[in-house]
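This report goes through one protein chain, from its overall make-up to single residues. The sequence and the model are shown first.

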Amino acid sequence: RDAQLAAAGRTGGWACPRCTQRYDMAALERRLIAALQQHVQDFQLQDLQCTRCKAVASSHLRPGCQRCGADLAATSSAPTFRKRVTVFHNVARHHGFPVLQQM
């Protein structure tokens, strides 16, 4: 865990290390929401790739690779995606971001 991330949650927010001005937590939450939405979109729109020749599938209606007939698999795994979403949820819970917690 990042010590600064945990410490910011205990003090009620983040502050600029140079001027000590507090960051806008609503703006931080909006940026985190946008980042999470981008991760979700990237996962949903990912390519299917051949497990043998690594060619990217041009037709998602075929059950196998057009070149060699091997199985197709997603380029990023569901467990990796779930870990990323869990990180966002943990940050939201730790720092009290209500909208991000609901996503």
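## A buried alanine in a loop

A residue counts as buried when its relative accessible area is under 20%, and as exposed when that area is over 50%. Ala70 has a relative accessibility of 7% and is therefore buried. The model in which this value was computed is a predicted one.

Ala70 sits in the loop that runs between strand 1 (48–50) and strand 2 (72–74). Which residues does Ala70 contact, leaving aside its neighbours within four places in sequence? They are Cys50, Thr51, Arg52, Gly64 and Cys65. For Cys50, which is 20 residues from Ala70 along the chain, the C-alpha separation is 6.3 Å.

## Overall make-up

The protein chain contains 4 helices and 2 strands. Their order along the sequence is α-α-β-β-α-α. The chain has 103 residues, and 20% of them count as buried.

The accessible surface of the chain is about 7700 Å², and carbon and sulfur atoms contribute 52% of it.

## Helix 2 against helix 3

Helix 2 spans residues 25–44, and helix 3 spans 78–95. The two helices pack with their axes 11 Å apart, at an angle of about 170°. Angles over 145 degrees count as roughly antiparallel, so helix 2 and helix 3 are roughly antiparallel to each other. On the helix 2 side, the contact is made by Leu32, Ala35, Leu36, His39, Val40 and Phe43. Helix 3 contributes Ala78, Phe81, Arg84, Val85, Phe88 and Val91.

Ala92 belongs to helix 3. Is Ala92 buried or exposed? Its relative accessibility is 0%, so Ala92 counts as buried. Not counting residues up to four places away in sequence, Ala92 touches Phe97, Leu100 and Gln101.

Gly96 lies in the loop between helix 3 and helix 4 (98–102). With 48% relative accessibility, Gly96 is partly exposed. Between Gly96 and Gly13 the C-alpha to C-alpha distance is 9.9 Å, although they are 83 residues apart in sequence.

## A buried glutamate without a salt bridge

Glu29 is part of helix 2. Glu29 is buried, yet has no salt bridge. The nearest side chain of opposite charge is that of Arg30, 7.1 Å away. A salt bridge needs a side-chain nitrogen of Lys or Arg within 4 Å of a carboxyl oxygen of Asp or Glu.

Apart from residues up to four places away in sequence, Glu29 touches Phe97, Pro98, Val99 and Leu100. Phe97 and Leu100 are also touched by Ala92.

## Positive phi angles

Most residues other than glycine have a negative phi. Thr20 is not a glycine, yet has a positive phi of about 60°. Thr20 is placed in the loop between helix 1 (3–11) and helix 2. With a relative accessible area of 59%, Thr20 is exposed.

Lys54, also a residue other than glycine, has a positive phi near 65°. Lys54 is found in the loop between strand 1 and strand 2, the loop that holds Ala70.

Terms used. Residues numbered from 1 in each chain as written. Predicted model: local features only at pLDDT ≥ 70, side-chain atom pairs only at ≥ 80, totals over all residues. Heavy atoms only, no water. Buried < 20%, exposed > 50% of the residue type's maximum accessible area, 1.4 Å probe, protein only. Areas by Shrake-Rupley, 256 points an atom, 1.4 Å probe, with all protein chains shown as cover. Lys, Arg positive; Asp, Glu negative; His and termini not counted. Contact = heavy atoms within 4.5 Å. Axes fitted to C-alpha atoms, helices over the stretch in contact; angles between N-to-C directions. Parallel < 35°, antiparallel > 145°, perpendicular 65-115°, else oblique.
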